[in-house]
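Please open the model in a viewer and follow the selections below in order. Each stop names what to select and then describes what is found there.

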Amino acid sequence: MPVYQAPLIPASEITPEAVYLNRREWMKGAALLAAASALPTVEAAAAPSALPTFYKSRYSTSEAKNSETEITSYNNFYEFGTDKRDPAEYAHTLKTRPWVVEVSGHVAKPRRFDIDSLLKLAPLEERIYRLRCVEGWSMVIPWVGLPLAALLKEVQPTSAGKYVEFTTLLAPEQMPGQRTGSLDWPYVEGLRIDEAMHPLSILAVGLYGKPLPKQNGAPIRLVVPWKYGFKSIKSIVKIRLVDKQPISSWMRANPTEYGFYSNVNPEVDHPRWSQASERRIGEFLKRKTLMFNGYADEVASLYKGMDLRRNF
Ligand SMILES: Nc1nc2c(c(=O)[nH]1)N[C@H]1C(S)=C(S)[C@@H](COP(=O)(O)O)O[C@H]1N2
Ligand SMILES: [Mo]
């Protein structure tokens with residue numbers, strides 16, 4: 001496999017974010033907390049500023065990528081606020097080292113992975129994937145990650161492990177959104193075991209050739225390209241193999257609007273809007289949304305015989 005040369009980012013793409021003036025009440029609290037945490041503390045290990053060597057994957061789309069600025073400044077990460085600009089502005093308070101991912105439940109070999117050893121479980125790959133948000137926008141993102149299957153094989157799921165439940169860090173002192181009731185915290189997502197083992201499902205640890213920015217879910221997040229973006233849970237600390245279908249945060253918040261599967265499907269509308277088209281960030285005209293976000297050849301067989309209107 002050829003060694004991939006990380007692209008140089010033009011200076012025009014790394015101009016600092018504008019300072020936004022639409023601060024909310026809770027940010028006053030965050031400012032106080034930030035002032036308090038400016039007191040001297042024990043120095044934690046810093047996150048590495050570069051990724052280990054990675055390879056180009058054959059699973060990448062050849063579509064034009066969104067810019068690094070677009071990908072890192074228009075985000076959903078409710079732990080840092082509900083506005084698309086909030087995560088870029090506020091996620092700097094997240095501490096990504098030390099970081100441990102605990103893998104437990106119905107597995108033969110439960111384990112706690114330190115993030116830096118987890119990176120060595122399998123060769124890292126660049127995967128250029130479309131991400132389609134349930135709200136109707138999409139992007140093309142050059143992730144760097146490893147197959148989720150590589151981690152699952154390491155812990156050996158037993159036959160009772162029919163689903164995989166993922167949990168985000170719970171740390172209200174670092175995550176101002178967790179001091180609000182915008183969702184039930186911590187954020188939880190789930191996959192069926194065959195979806196989790198599918199080669200397209202990855203744990204992303206980087207994008208644009210660099211470690212994952214905090215607003216994109218550092219240090220490790222899920223990416224499942226044929227499902228709506230909210231399934232791609234960020235800043236994961238727990239992965240549990242379970243025998244029952246997990247209840248995700250969005251199902252809990254609104255079970256009539258969000259189902260467990262949440263496969264991208266232009267034929268099944270959200271109760272409040274159509275899912276037939278999407279706006280690629282940076283484009284003016286809308287595009288038609290593709291079945292399974294364009295990954296039908298790879299994943300349609302997982303749902304053979306299922307009624308996708310009922311299993312939305
Ligand atoms: N923990 C957590 N993970 C999350 C979210 C969130 O609010 N909290 N938002 C989801 C949604 S709705 C989308 S569209 C994607 C966005 O990922 P991106 O910001 O890297 O594009 O993250 C998903 N993962
Ligand atoms: Mo989303």
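Leaving aside its neighbours within four places in sequence, which residues is glutamate 79 in contact with? Select glutamate 79 in this predicted model, and display Thr168, Met175, Pro176, Gly177, Gln178, Trp185 and Tyr187, the residues that it contacts once neighbours within four places in sequence are set aside. Glutamate 79 belongs to the loop that runs between α2 (68–73) and α3 (86–90). With a relative accessible area of 2%, glutamate 79 is under the 20% limit and therefore counts as buried.

**The annotated binding site**

Next, select the residues that an unreviewed UniProt entry annotates as "binding site": Asn75, Tyr78, Glu79, Cys133, Thr168, Asn216, Arg221, Ser232, Ile233 and Lys234. Of these residues, Ser232 is included in the lining of the largest cavity.

Remain with this selection and centre the view on lysine 234, in the loop between β10 (221–223) and β11 (236–242). Is lysine 234 buried or exposed? Its relative accessible area is 10%, so lysine 234 is buried. Leaving aside neighbours within four places in sequence, lysine 234 is in contact with Asn75, Asn76, Phe77, Thr168, Gln215, Asn216, Gly217, Ile220 and Arg221. Now display the backbone of asparagine 76, whose oxygen is reached by the side chain of lysine 234 at 2.7 Å.

Lysine 231 has a relative accessibility of 1% and so counts as buried. Not counting residues up to four places away in sequence, lysine 231 touches Glu189, Gly190, Leu191, Leu222, Phe260, Tyr261 and Ser262. Where does the charged end of lysine 231 sit? It sits over the ring of phenylalanine 260, at 4.5 Å from the ring centre.

**The aromatic pairs**

For one of them, select tyrosine 129 and tyrosine 295: their ring centres are 5.9 Å apart and their planes stand at 75 degrees, so the pair is edge-to-face. This pair links distant parts of the chain, with tyrosine 129 in strand β4 (residues 124–132) and tyrosine 295 in the loop between β13 (287–288) and α8 (296–299), 166 residues apart. Tyrosine 129 is buried at a relative accessible area of 0%, and tyrosine 295 counts as buried at 4% relative accessibility.

Then select phenylalanine 292 and tyrosine 303, an aromatic pair that is stacked, with 5.4 Å from centre to centre and 15 degrees between the planes. Phenylalanine 292 lies in the loop between β13 and α8, and tyrosine 303 in the segment after α8, so the pair ties together parts eleven residues apart in sequence. Phenylalanine 292, at 3% relative accessibility, counts as buried, and tyrosine 303 is buried with a relative accessible area of 3%.

**Last stop**

What sits over the ring of tyrosine 295? The charged end of arginine 130 is placed there, 4.7 Å from the ring centre.

Technical notes:
Residues are numbered from 1 along each chain as its sequence is written. Chains are lettered from A and ligands numbered from 1 in the order in which they are written. This is a predicted model: local features need pLDDT of at least 70, side-chain atom pairs count only at pLDDT 80 or more; totals for chains, interfaces and linings use all residues. Side-chain values use heavy atoms; hydrogens and water are left out. UniProt positions are given in the numbering used here, feature names are shortened, and annotations may be inferred rather than shown by experiment. On a 1 Å grid over the protein atoms alone, a cavity is a set of points where a 1.4 Å probe fits but cannot get out, and a pocket is an open set with protein on both sides within 12 Å along at least five of seven lines; lining residues have an atom within 4 Å of a point. Helices (H or I, at least four residues) and strands (E, at least two) are DSSP runs, numbered from the N terminus. Buried means under 20% relative accessible area, exposed over 50%, partly exposed in between (1.4 Å probe, protein chains only). Contact means heavy atoms within 4.5 Å. A polar contact is a pair of N or O atoms within 3.5 Å; within protein, one must be able to donate a hydrogen and the other to accept it, and residues adjacent in sequence count only if both atoms are side-chain atoms. Rings of Phe, Tyr and Trp (its six-membered ring) pair if their centres lie within 6.5 Å; planes under 30 degrees apart count as stacked, over 60 as edge-to-face and the rest as tilted. A charge sits over a ring if NZ of Lys or CZ of Arg is within 6 Å of the ring centre and within 35 degrees of the ring normal.
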